[in-house]
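Morning, everyone. I have one protein to show you today, and I'll keep it brisk.

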Amino acid sequence: MALADCGRPAKTGEIRMTLTEMRYIVALARERHFGKAADACHISQPTLSVALKKVEGQLGAALFERTASDVRITALGERIVAQARRVLEEAVRLEEIAFAGGDPMSGALRVGVIYTIAPYLLPQLIPALHRQAARMPLF
């Protein structure tokens with residue numbers, strides 16, 4: 001699904017899966033049990049079931065096959081879960097970037113110095129900078 005401006009789905013589909021719903025789907029794929037997946041997500045089992053039915057309704061296909069004693073993931077479900085895991089990992093990276101952006105002394109610093117003064121300037125600059133901003137990687 002391509003996204004149009006403002007995060008609205010493009011004309012290729014109307015699927016609006018939230019990060020929370022992705023977490024639920026990944027948990028169910030991992031646990032293979034509604035109760036355990038709900039516990040892992042700190043929600044009730046009916047909440048998990050409703051969220052899954054909503055996503056499956058938007059997709060028009062089942063992600064999981066349910067029996068009385070087992071939950072199996074479908075082929076489509078495998079692909080959706082794999083992509084949801086990647087999206088969730090990238091969401092964590094976004095949070096890390098945002099967190100690092102709050103501390104200007106923790107982001108990467110790229111220093112360019114002409115070779116004629118580098119041997120005189122850098123031996124003093126780098127230790128001083130490291131003392132002032134120990135979490136700032138230098139490139």
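I'll go through the fold, then the surface, then the salt bridges.

Some ground rules. This is a predicted model, where local features need pLDDT of at least 70, side-chain atom pairs count only at pLDDT 80 or more, and totals for chains, interfaces and linings use all residues. Residues are numbered from 1 along each chain as its sequence is written, and side-chain values use heavy atoms, with hydrogens and water left out.

Fold first. The protein has 5 helices and 2 strands. Here helices (H or I, at least four residues) and strands (E, at least two) are DSSP runs, numbered from the N terminus. The order along the sequence is α-α-α-β-β-α-α.

Now contacts, meaning heavy atoms within 4.5 Å. Take those between residues at least 6 apart in sequence: 48% of them join residues at least 24 apart.

Next, the surface. How many of the residues are buried? Of 139 residues, 27% count as buried. Buried means under 20% relative accessible area, exposed means over 50%, and partly exposed is in between (1.4 Å probe, protein chains only).

On to the charges. Side chains of opposite charge can pair when their charged atoms come close. The rule for a salt bridge is a side-chain nitrogen of Lys or Arg within 4 Å of a carboxyl oxygen of Asp or Glu. That rule gives 5 salt bridges. I'll show three of them.

Start with Lys 54 and Glu 21. Their closest N and O atoms are 2.6 Å apart. Lys 54 sits in helix H3 (residues 45-59) and Glu 21 in helix H1 (residues 19-31), so this pair ties together parts 33 residues apart in sequence. Buried or exposed? Glu 21 is buried, at 8% relative accessible area. Lys 54 is partly exposed, at 38%.

Next pair: Glu 56 and Arg 66, with closest N and O atoms 2.7 Å apart. What does this bridge tie together? Glu 56 is in helix H3 and Arg 66 is in strand S1 (residues 64-66), so the bridge links parts 10 residues apart in sequence. Glu 56 is buried, with a relative accessible area of 10%. Arg 66 is partly exposed, at 39%.

Last one. Arg 72 bridges to Asp 70, and the closest N and O atoms are 2.9 Å apart. Asp 70 is partly exposed, at 25% relative accessibility.

That's it from me.
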